[in-house]
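Subject: A structure for you to explore

Hi there,

Here is the structure I promised to pass on to you. Have a look at it first, and then read on for what turned up.

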Amino acid sequence: MKKTLNPNAVVGHFQTDGACISCKEFGSGHINSTYQVKTEHGKVYILQCINKYVFTDPKAVMENVSAVTKYLSERVTDPTETLHFVIADTGDYFYVDEAGDFWRCYEFADGICLEAPETDRDFYESAIAFGRFQELLRDFPAETLHETIPLFHNTINRYRLFKEALAQNAAGRAESVQAEIDFIMAREKEAGTICRLLETNELPLRVTHNDTKLNNVLLNRETRKAMCVLDLDTVMPGSSLYDFGDSIRFGAATAPEDEPDLSKMGINLELFRVYTAGYLTACRSLTEKETELLPLGAKIITLELAVRFLTDYLDGDRYFKTAYPEHNLVRARAQLKLVADMEAKWDEMQKIVAEEAAKH
Ligand code: ADP
Ligand code: GN1
Ligand code: MG
């Protein structure tokens, strides 16, 4: 059942400039409840209620997000390149309501937020934003970060949770998804490759964003250049391959993440090249091994998302926001089609990465 939140009662607890005159649901994130607030003085803010089913320790989330934001604000050249919090009347970065829900308030960053690139240049700029983000956090003290979602991109654990959901069959949906189960299980071993390489230190553990889809970045409204990275809730130690890969999964696909017509879903190799070029330009510290495995990052994170969407479908849609009953299944199928298309174009993806890497 959808929970009723009362953002209007909460906004007065933040030190906004002037009283709130409007407060409306905003954006298309799958996790938090997000509102855009306007005040009598014409100021605009983002008010968010943190999803506590997903983030079981919202205070830890706020500690991470505020520490990373502070770190970035000391290093960027322009203040519009980072997020800015509005303090609550308690002096904290968050306010806790009577129901125990955590709220936070940001200044509204007035940039362009896209669901799909309008031009190659837009996608290139998003790669610059995420690559620069990765590069700026290169020396961030990883041990000070909380693991806000344990084993978030541990694909081996994602498979374990998937098999548990399958065995439990809580929503009685397992029988109808046998073809999807078979496709996923046939790739189980390969899906664990990045986890294994992190364990053996063949891939470096970095401080990464972990949710690098295009609608988590803003472009400057005038110049359309990379502006700022949003949605820092999942910044944790991780692999650059997942950050690269998730941007590809979402932004270099030929159709939206939840496209029901599978014939429309595939990988756009031109956009794959554009993102690779931007990411390698902005993030100079990738190792040879990381660079070589960028296509694998795209494939594994896409498979992981299919596994996560299907797990949630089997569980009865408890994690991701859904707009209709089959939404998670449609999302999972679209991701699997994207994996199949990457497999069909595997040699070309590898060639593109090698060619772009040779330019650096
Ligand atoms: P979720 O975890 O639910 O995806 P996000 O933090 O990504 O939540 O916020 C959802 C959407 O709200 C973003 O995709 C973006 O459109 C918008 N948004 C979030 N923070 C800001 C901000 N500070 N300024 C402008 N827009 C924002
Ligand atoms: C969620 O929060 P949002 O909508 O930016 C999810 C990501 C998924 C994405 C799929 C905390 O991202 O991991 O890749 O949906 N975030 C969390 O669209 O689980
Ligand atoms: Mg988001």
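Let's begin with a pair of helices: α4 and α11 are roughly parallel to each other, because angles under 35 degrees count as roughly parallel and their axes cross at roughly 25 degrees. Please keep in mind throughout that this is a predicted model.

The axes of α4 (residues 155-168) and α11 come within 9 Å, and α4 passes α11 in a left-handed crossing. If you want to find the contact on your screen, look in α4 for T155, R158, Y159, L161, F162, A165 and L166. Their partners in α11 include I300, L303, V307 and L314. Sorted by class, the contact of α4 with α11 has ten nonpolar, two polar and four charged residues.

Now stay with α11, which covers residues 294-315, and turn to another of its neighbours. Helix α12 (residues 327-344) packs against α11 at an angle of about 160 degrees, and the two axes are 8 Å apart. Angles over 145 degrees count as roughly antiparallel, so that is the description for α11 and α12. Their crossing is left-handed. On the α11 side, the residues that meet α12 include A298, L303, A306, F309 and L310; on the α12 side, they include L329, A332, L336, V339 and M342. The contact of α11 with α12 divides into 13 nonpolar, three polar and four charged residues. Notice that L303 and L310 of α11 meet α12 and are also listed in the contact with α4.

A further helix pair is α9 (residues 269-282) with α13 (residues 346-358), whose axes come within 10 Å and cross at roughly 35 degrees. Which hand does the crossing of α9 and α13 have? It is right-handed. In α9, the residues involved are L269, F272, R273, T276, A277 and L280, and they meet residues of α13 including M349, I352 and V353. By class, the contact of α9 with α13 has eight nonpolar, one polar and four charged residues.

Next, the strands. Strands of a sheet pair through backbone hydrogen bonds, either parallel or antiparallel. Here you can find an open sheet of three strands in the order β7-β9-β10, with antiparallel pairing. β7 (111-112) and β10 (226-229) stand at the edges with a single partner strand each, so one side of each is left without a neighbour in the sheet.

Two bridges join β7 to β9 (residues 217-220): I112 is partnered with L219, and G111 with N220. On to the other pairing: β9 and β10 are joined by three bridges, and V217 has V229 as its bridge partner in β10. These two strands form a hairpin with five residues between them, and in the turn R224 has a positive phi of about 60 degrees. Helix α3 (residues 120-136) lies across β9 and β10, at about 50 degrees to β10.

Finally, a word on charges. How many salt bridges does the model have? The count comes to 26. One that you could look up is between K59 and E63, where the closest N and O atoms are 3.5 Å apart. K59 and E63 are four residues apart in helix α2 (residues 58-73), which means that about one helical turn separates them.

Enjoy exploring!

Best wishes

Definitions and conventions. Residues numbered from 1 in each chain as written. Chains lettered and ligands numbered in written order. Predicted model: local features only at pLDDT ≥ 70, side-chain atom pairs only at ≥ 80, totals over all residues. Heavy atoms only, no water. Pairing = 2+ DSSP bridges. Contact = heavy atoms within 4.5 Å. Axes fitted to C-alpha atoms, helices over the stretch in contact; angles between N-to-C directions. Parallel < 35°, antiparallel > 145°, perpendicular 65-115°, else oblique. Left-handed = near helix turned anticlockwise from the far one by under 90°. Nonpolar A, V, L, I, M, F, W, Y, C, P; charged D, E, K, R; others polar. Salt bridge = Lys/Arg side-chain N within 4 Å of Asp/Glu carboxyl O.
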